[in-house]
Amino acid sequence: MRWQGQTLNDVDADALPGLENRSGIVRSVTTPKFAGMTFHEVLAKSALNAVPGASRMPFSWTINPYRGCSHACLYCFARGTHEYLALDGGADFDSQIVVKTNVVEVLERELRRGSWKHEPVALGTNTDPYQRAEGRYRLMPGIIRALADSGTPMSILTKGTLIRRDLPLLTAAAQQVSIDVQMSIAMYDDELQKSVEPGTPSTQARLDTVRALTDAGFRVGVFLMPVLPHLTDSIDAIDVALQRIRDSGADHVVYGALHLRAGVKPWFLQWLEAYRPDLVSSYRALYPGAASEAPQGYRQWLAKRMRPMIRMYGLEAQRSREAPASRRLTGAARSTSAPAAPAPAPMLF
Ligand code: SF4
């Protein structure tokens with residue numbers, strides 16, 4: 001969605017950069033309850049986004065009710081997409097949140113089309129659907145209801161403990177369609193977690209959420225990613241992580257090394273410079289120039305380390321592979337004979 005694509009030729013000279021053409025923007029909201037944040041409420045033209053056929057994603061459709069994300073993970077791969085709105089991929093991404101306020105209504109309309117094939121839909125592929133804004137806008141209940149009532153399987157990937165609010169609804173919806181839920185929990189050192197994911201719920205709160213989802217009957221996967229070279233890839237760090245994940249009742253783990261896309265790298269390195277300046281040169285060597293993936297040698301080394309440990313803790317997924325190639329399908333415990341929900345893509349890495 002480009003702002004330009006919604007043009008009504010209503011130009012506001014005082015608007016934020018990139019928001020001058022106010023078409024589609026209903027209003028921009030600030031509120032003391034969400035200090036420091038601005039919500040740009042827009043009317044979306046579509047809710048279901050088709051994933052290009054050439055994509056490596058294991059699903060064909062996504063829904064993203066929000067753009068930008070208050071979870072503010074320094075490594076978030078979606079940061080660059082905010083530049084597309086002429087906002088920056090740093091603080092703007094964390095605090096200038098675009099909210100598609102009519103997403104449920106548009107989705108219901110799209111799902112009623114005769115051409116809709118009820119293919120699995122992934123939520124959480126770009127930004128987190130249970131970020132703070134969801135506490136105010138409550139878009140997810142309507143989305144879950146609409147998908148379930150139409151017989152459309154879904155997957156949800158989140159770092160947001162707010163998903164617990166919708167647990168009764170998700171449990172009921174899982175009687176209608178397959179629902180796959182995954183929690184993203186990458187940091188098991190509280191200081192590091194607060195520094196690199198400053199807007200997220202704590203690691204323990206997310207593990208408690210895994211427990212709540214598991215107790216409700218879902219087979220929950222944990223995305224142990226991104227693994228940060230030299231920060232979270234020691235045997236001790238991985239061991240602590242896997243122990244805590246297993247104790248939370250999670251079904252399986254998906255892991256993957258840090259990706260640093262062009263729109264993310266400067267923000268991440270800026271953080272690293274402040275947090276661990278001694279590691280900056282190592283990271284520059286691992287992710288030189290435009291390289292976004294860790295070198296194959298590092299990924300192979302990580303796989304050799306991770307796989308036996310994941311096996312030891314009984315956290316292998318049935319169709320486990322290393323991410324990002326590992327976007328597998330898993331069904332919810334109460335899935336029906338409907339098509340399986342897609343494993344959510346690592347939105348975030
Ligand atoms: S990685 Fe996910 S949770 Fe973190 S800022 Fe990006 S979209 Fe939000």
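Modeller: Let us begin with contact, which means heavy atoms within 4.5 Å. The model is predicted. Among contacts in its protein chain between residues at least 6 apart in sequence, 77% join residues at least 24 apart.

Colleague: How many helices and strands does the protein chain have, and what share of its residues counts as buried?

Modeller: The protein chain has 12 helices and 11 strands. Of its 349 residues, 56% count as buried.

Colleague: What makes Arg206 a buried residue?

Modeller: The cut-off for buried is under 20% relative accessible area. Arg206 has a value of 0%, so Arg206 is buried. This residue is found in helix H8.

Colleague: Why is the pair Arg27 and Glu41 called a salt bridge?

Modeller: The limit is 4 Å between a side-chain nitrogen of Lys or Arg and a carboxyl oxygen of Asp or Glu. For Arg27 and Glu41 the N to O distance is 2.8 Å, so the pair meets that limit. Side chains of opposite charge can pair when their charged atoms come close.

Colleague: What makes S2 a mostly covered strand, and which residues lie on each of its faces?

Modeller: Five of the five residues of S2 are buried. Thr38, His40 and Val42 are buried on one side, and Phe39 and Glu41 are buried on the other.

Colleague: Where is the salt bridge of Arg211 and Asp215 placed, and why does the pair count as one?

Modeller: The closest N and O atoms of Arg211 and Asp215 are 3.5 Å apart, so the pair falls within the 4 Å limit. Both residues belong to helix H8 (residues 203–215), and because they are four residues apart there, about one helical turn separates them. Arg211 is partly exposed at 33%, whereas Asp215 is exposed at 57%, since exposed means over 50%.

Colleague: How many salt bridges and how many disulfides does a search of the whole structure find?

Modeller: The search finds 11 salt bridges and zero disulfides. A disulfide would require a pair of cysteine sulfur atoms within 2.5 Å. Cys69 is buried, at 7% relative accessibility, and Cys76 is buried at 7%.

Colleague: Which residues of the largest nonpolar core touch the most other members?

Modeller: That core has 93 residues, and Ile143, Phe218, Leu242, Ile245, Phe268 and Tyr283 touch the most other members. Setting aside residues up to four places away in sequence, Ile245 touches Tyr188, Leu207, Val222, Leu224, Ala250, Val253 and Leu315. A second, separate core of five residues includes Ile25, Leu85, Leu87 and Val98.

Colleague: Where does the pLDDT stay under 50, and what is the mean for the protein chain?

Modeller: The mean pLDDT is 87, and 83% of the residues reach 70 or more. The pLDDT stays under 50 over residues 1–18, for which the model has 40 contacts beyond four places in sequence. Over residues 343–349 the pLDDT is also below 50, and that stretch has 55 contacts beyond near neighbours in sequence. Where pLDDT is low, the predicted coordinates should not be read in detail.

Definitions and conventions. Residues are numbered from 1 along each chain as its sequence is written. This is a predicted model: local features need pLDDT of at least 70, side-chain atom pairs count only at pLDDT 80 or more; totals for chains, interfaces and linings use all residues. Side-chain values use heavy atoms; hydrogens and water are left out. Buried means under 20% relative accessible area, exposed over 50%, partly exposed in between (1.4 Å probe, protein chains only). Helices (H or I, at least four residues) and strands (E, at least two) are DSSP runs, numbered from the N terminus. A nonpolar core is a set of buried Ala, Val, Leu, Ile, Met, Phe, Trp, Tyr and Cys residues joined through side-chain atoms within 4.5 Å. pLDDT is the predictor's confidence in each residue, from 0 to 100.
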